[in-house]
Amino acid sequence: MLIGLAAVIFALSLIELVTGADDLASSGTLRAAMVATVPIALAGLGGLWSERAGVVNIGLEGMMILGTYGAGLLGYHYGGWAGVAGAIVLGMLGGLIHAVATVVFGVDHIISGVAVNIIALGATQYLAGLTFSGLPGGGQTQSPRLGSVGSITIDPLSDGLGNLEQRDIFFVSEVAALLRALVTNMSWLVILAVLLFVATYFALWRTTFGLRLRSCGESPASAESLGVDVLRYKFVAVLVSGGLAGLAGGFLALVASSTYRDGQTGGRGYIGLAAMIFGNWRPTGLLAGSALFGYTETLGLRQGGTSVRALLLVLAVLLVVLAVWLWRRSRYAAGGIAVVVAILVGGLYFTIDAVPGDFTRMTPYVATLLVLALASQRLRMPAADGQIYRRGSVG
Amino acid sequence: MSPRTARLVLGVAAPLLALVAAFAITSLVLLLAGDPVGLVWSTILSVPEPRNIANIINSATVLYLSGLAVAVGFRMNLFNIGVDGQYRIAAFAAAVVAGEGWLPGALNVVLTVAAAVLVGAAWAGIAGVLRATRGVSEVISTIMLNFISTSLVAYFLRRVAVREEGSNIVATREIPGSSRIPGIPLGSGPGAEVYGFVVVAVLAGIGYWFLLNRTRFGFDLRATGQSATAAVASGINVKRMTVAAMLVSGGVAGLVGLPILFGDAYSYGSTFQSGLGFAGIAIALLGRNHPVGIALGALLFAFLDEQSNPLQILADVSPDIVAITQGVIVLTVVISYEVVRRYRLRLEQQQVAQQLAEQVPA
């Protein structure tokens, strides 16, 4: 994984050199990308827990919204870490609704997820209007300023790396920028998120509990025949999923900004799902996918025009590579299409100076579509994902 | 009671049970929040005036079209969550076409409707093609297309918009008077007019029923939705059906914005109503994908929306409470249908066991 990371940094340095877009790998961009990645990654992690147990969770967005509200409510009255707890609890509440509907009543998972999204949105808007109006700095659609969760900065390292970054040496400066982003103003929640990823990997792939949970998602009938309480594992998995999505929302309210705001989630629950699919339902792939989406979203916001324009060149190059690969496999028509699109994109790169604001804002969504379109065929989801399971269905 | 009356009673019981449960849960939320439950319900359940009735029918028209669009997808087991993006981009295209007025009068209306249907279908078709060729889940692709359409429309609106003097709203050119559809007056009083487009909505409902139940295409669509393997065995090209179903769904979604465009707003601006797509999902679920059921669901949701407007003034309660009710209704309807189905199954098993026991010679 480190080699992959090094390769990406190298590629970014090359692009910066070629296109002159100098904000692609600065420490500011990388730190903002990290802050953008965490909510998507946590939401995707929630989706992973749920889908590995066989329950499709489209309601992640709703649970995230509940999390932002929970963080807003408790974070204002009792401080930052209470906000974190509030976010997790409220996210779990959303998970509880989804769990009861799908596991106990056997409702179709996607219908239940959509319903949870509708309920969560309505409930949050109603409760936010109720609890935040009249507070100083608060109102119908936003909360007052919330308590902070704290962050750490390793000053000597940060300054030294900052110097190295300014020198603008090819590749070395970008690595310095990455390291600097890691040691400057690193919020404790980011560290918590990383720990959760490691914990998830160990819990699901190195413990008996995890094995049983995953078996519920692959073949619940087999699991039940061995004595596993399938419904309880699914229930717990969906609750954990809700908690993680809530935490993602809490991160948005506490770290990415400093208030609860209506519409804060902006579809990140769904992007998290896409990241999970892209990562083939594994934590490492999920992290890579989330980083991709977080990075493109950040680029879209900072100096959007020039950075996204640089990405156009990358896209054109990748398309040419894809075309060559297709031709070598004798798929001439598809290769031809790839070349044509590459020429169009490349032409676009050379004719415009900067991508207009509206298009930079859609970068993460277009990236999601492209990634899913290209990668979906080689992925394998848990075999019994989305299956409605009734106790005693064995035999 | 005879099996037929039992089935009838159970058929009605499910949605009733759902509504009662939803109202109970909403009341619980109101109680916990300390809001006056009785006053809220008396305001919502009060008899509406002609003006309110017209508003309800108008909202229901729009919601009905949205529900139909989603239902076409549901019948094929496709979740078209993208109705929201489809109708907005289609309404924008329609507003531009109508405003330009290339054809006179009524022909302009026909051209506009055609443009809306085509654009909506094309936007949904992207998701359909991705699903058919690359296996991309249409749930996520349609949601992504929603967000993309928001940005796309904003960009093009800036390019083609006409700013009226003295107003801050950026909108397309207004539709010429000859192309506006007149409203149907409903009793006396101001504003008691129903959109003329309600006729098209009713026709769309009839068309939906006819397409799905009386044509070969509809049969193929329903068959694929119920069992893809059986459909393949009977010679249906599932990939083509997927794309076709998404195209039809998107085409109907394109109609969603037209009642407002022709009857009220006359142009597409940055304040054009949004969020109608998600309400459509709830209504399609509520109506069980049946054209009459969707109509009743649309009327119910429109009724709740309209009657909750004065809540802020009369009871100092945020009107968002009905959003909770609507979401809970979606869940309770599906849960109650499941509960009733299991009950009916148990009843049948008991009846069969009884009949078999009687047949055994003593």
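Q: Where do the domain bounds used for this predicted model come from?
A: Both chains discussed here belong to a predicted model. The bounds of the domains come from an automatic or database domain assignment.

Q: How far apart are the centres of domain 1 of chain A and domain 2 of chain A?
A: Let's start with the bounds: domain 1 of chain A covers 23-291, and domain 2 of chain A covers 303-378. Taking the centres over C-alpha atoms, the separation between these two domains of chain A is 29 Å.

Q: By class, which residues make up the side of domain 1 of chain A that touches domain 2 of chain A?
A: Contact between the two domains of chain A involves six residues of domain 1 and eight residues of domain 2. On the domain 1 side, the residues divide into five nonpolar, no polar and one charged.

Q: How does the radius of gyration of chain A compare with what the globule rule gives for 395 residues?
A: Chain A is built with 17 helices and two strands. Its radius of gyration is close to the value from the globule rule, so chain A is as compact as a globular protein of that length. The two values are 22 Å for the chain and 21 Å for the rule.

Q: What box do the C-alpha atoms of chain B fill along the principal axes?
A: Chain B has 15 helices and four strands. With a radius of gyration of 23 Å, close to the 21 Å that the globule rule gives for 362 residues, chain B is as compact as a globular protein of that length. Along the principal axes, the C-alpha atoms of chain A fill a box of roughly 60 × 60 × 35 Å. For chain B, the box is roughly 90 × 60 × 35 Å.

Q: How far apart do the C-alpha centres of domain 1 of chain B and domain 2 of chain B lie?
A: Have a look at the bounds here: domain 1 of chain B is given as 1-35 + 321-362, while domain 2 of chain B is 55-316. The C-alpha centres of these two domains of chain B are separated by 31 Å.

Q: By class, which residues form the side of domain 1 of chain B that touches domain 2 of chain B?
A: Seven residues of domain 1 of chain B contact seven residues of domain 2 of chain B. The domain 1 side is made up of five nonpolar, two polar and no charged residues.

Q: Which helix gives the largest share of the side of chain A that touches chain B?
A: Between the chains, 36 residues of chain A are in contact with 33 residues of chain B. The elements giving two or more residues to the chain A side are helix 5 (109-132), helix 12 (268-278), helix 16 (357-361) and helix 17 (363-375). By class, this side holds 25 nonpolar, nine polar and two charged residues. The largest share, 14 residues, comes from helix 5 of chain A.

Q: How are helix 3 of chain A and helix 12 of chain A oriented to each other?
A: The axes of helix 3 (residues 60-78) and helix 12 of chain A come within 7 Å and cross at roughly 130°. Helix 3 of chain A passes helix 12 of chain A in a right-handed crossing. Given the angle, these two helices of chain A are therefore oblique.

Q: Which residues of helix 12 of chain A make the contact with helix 3 of chain A?
A: The residues of this contact divide into four nonpolar, two polar and two charged. Helix 3 of chain A brings A:Leu60, A:Glu61 and A:Met64. From helix 12 of chain A come A:Arg268, A:Gly269, A:Tyr270, A:Gly272 and A:Leu273.

Q: How does helix 4 of chain B lie relative to helix 5 of chain B?
A: In chain B, helix 4 (residues 83-100) packs with helix 5 (residues 105-134) at an angle of about 150°, their axes being 8 Å apart. Angles over 145 degrees count as roughly antiparallel. That makes helix 4 of chain B, relative to helix 5 of chain B, roughly antiparallel.

Q: By class, how many residues are in the contact of helix 4 of chain B with helix 5 of chain B?
A: The crossing of helix 4 of chain B past helix 5 of chain B is right-handed. Residues of helix 4 in this contact include B:Tyr87, B:Ile89 and B:Val97, and those of helix 5 of chain B include B:Leu111, B:Val119 and B:Trp123. The classes are 14 nonpolar, five polar and no charged.

Q: What is the handedness of the crossing of helix 5 of chain B and helix 10 of chain B?
A: Helix 5 and helix 10 (residues 238-255) of chain B pack at about 150°, with axes 6 Å apart. The two are therefore roughly antiparallel. Their contact has 14 nonpolar, eight polar and two charged residues. The crossing of helix 5 of chain B and helix 10 of chain B is right-handed.

Terms used: Residues are numbered from 1 along each chain as its sequence is written. Chains are lettered from A and ligands numbered from 1 in the order in which they are written. This is a predicted model: local features need pLDDT of at least 70, side-chain atom pairs count only at pLDDT 80 or more; totals for chains, interfaces and linings use all residues. Ala, Val, Leu, Ile, Met, Phe, Trp, Tyr, Cys and Pro count as nonpolar, Asp, Glu, Lys and Arg as charged, and the others, Gly among them, as polar. Axes are lines fitted to C-alpha atoms, for helices over the stretch in contact, and angles run from 0 to 180 degrees between N-to-C directions. Angles under 35 degrees count as roughly parallel, over 145 as roughly antiparallel, 65 to 115 as roughly perpendicular and the rest as oblique. A crossing is left-handed if the near helix is turned anticlockwise from the far one by less than a right angle, and right-handed if clockwise. The radius of gyration is taken over C-alpha atoms; the globule rule is 2.2 Å times the number of residues to the power 0.38.
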